[in-house]
Amino acid sequence: MLSAIGLAAALGGALLPAAGEQARLPIVVQAIEHHGGELFKATESAFEIVSKSGAFRVEVRRDGGLYRHAVEADTREGRRRVEVTNDEVRLRVGGEPRPVPAEEERRWRDHVAARVWFPFLPYGLLGDGVHLHDQGLEEWPAEGGPRRLHKVKVTFEPGSSSDADDEYLFWFDPETGRLEQLAYSFDGGLRFRRAKDFRRVGGLLFADHENLGIDQEGRRVDEVTPELVEKEMKPISVIELRDIQVTPIE
């Protein structure tokens, strides 16, 4: 469902690509700096993601181009831990190691990256295989009156993940670069997330998300407007980050 999961390598690697047009989209560069900048490249973080679908414990270590990401959750078989690094995928269930056949590695990498990507946005948006499309300012309703947000569309290189056909929209505060909301389309419909309860931990900016959606095949992310969100999208869940810990790596 998430083409974002194709960004596993970008999440563990360099903050910016070496060259190219992507590195010159100022609002995204500004947003990454506002949310943590260089700290994204050398930190150990841990937190719990809690939503309607359950709870996951997430651990993220990045040290330059090296990374180790892990996701734990309770299953019917016991506590499951999936750990991925630059080189391997490790799986434990109920404390016991399980073999991971080569044909299953991508599925488990996708499983982990899908839970790592959202909490660390907008980091990763300048990674390899990510295409940015500047769509300028767009007016959205807000407390105290309408506000203008800077809209960026994101698409992915074909084959970069198992869901590379998914598309995203991101809306940033044009003054600070703070990520205010996002939307994405997938095979089953549309999702719209509104960020709330911002807090900075260890220099990184985190937020919870209100998650709304439409479950209908064939819907495209370009359809998302304030009117569509208000009239057609139904609340699905609130996605909370709890017990956040961030330690910079010296």
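Tutor: A cavity is a set of points, on a 1 Å grid over the protein atoms alone, where a 1.4 Å probe fits but cannot get out; its volume is the space filled by probe spheres set on the points, which are joined across faces, edges and corners. The model here is predicted, so local features need pLDDT of at least 70 and side-chain atom pairs count only at pLDDT 80 or more, while totals for chains, interfaces and linings use all residues. Residues are numbered from 1 along each chain as its sequence is written, and side-chain values use heavy atoms, with hydrogens and water left out.

Student: How many cavities of 30 Å³ or more does a search of the whole structure find?

Tutor: The search finds 1, and about 100 Å³ of space lies in the largest cavity. Strands S11 (189–201) and S12 (204–215) are the elements that give two or more residues to its lining; helices (H or I, at least four residues) and strands (E, at least two) are DSSP runs numbered from the N terminus. S12 gives the largest share, 4 residues.

Student: Which residues line the largest cavity?

Tutor: Lining residues have an atom within 4 Å of a point. Among them here are His-35, Phe-118, Phe-198, Phe-206, His-209 and Leu-241. By class, the lining has 10 nonpolar, 2 polar and no charged residues (Ala, Val, Leu, Ile, Met, Phe, Trp, Tyr, Cys and Pro are nonpolar, Asp, Glu, Lys and Arg charged, the others, Gly among them, polar).

Student: His-35 also belongs to helix H2. Which residues of H2 are buried?

Tutor: Buried means under 20% relative accessible area, exposed over 50%, partly exposed in between, with a 1.4 Å probe and protein chains only. In H2 (residues 26–35), the buried ones are Ile-27, Val-28, Ala-31, Ile-32 and His-35. Seen down the helix axis, they fall within an arc of 135°, so they line one face of H2; the arc is taken from the directions from the axis to the C-beta atoms. Their cover includes strands S7 (130–140), S8 (147–156), S9 (167–172) and S10 (179–186), along with S11 and S12. Just after H2, Gly-36 takes a positive phi of about 160°.

Student: What does Phe-172 touch, leaving out residues up to four places away in sequence?

Tutor: Contact means heavy atoms within 4.5 Å. The partners of Phe-172 include Ile-27, Val-28 and Ala-31, as well as Pro-122, Leu-149, His-150 and Leu-179.

Student: Is Val-130 buried or exposed?

Tutor: Val-130 is found in strand S7, and it counts as buried because its relative accessibility is 2%. Val-130 and Phe-156 lie 26 residues apart in sequence, yet their C-alpha atoms are 4.8 Å apart in space.

Student: And the whole protein: how many helices and strands does it have?

Tutor: It has 4 helices and 13 strands. Of its 250 residues, 51% are buried. Among contacts with a separation of 6 or more, 54% join residues 24 or more positions apart.

Technical notes:
On a 1 Å grid over the protein atoms alone, a cavity is a set of points where a 1.4 Å probe fits but cannot get out, and a pocket is an open set with protein on both sides within 12 Å along at least five of seven lines; lining residues have an atom within 4 Å of a point.
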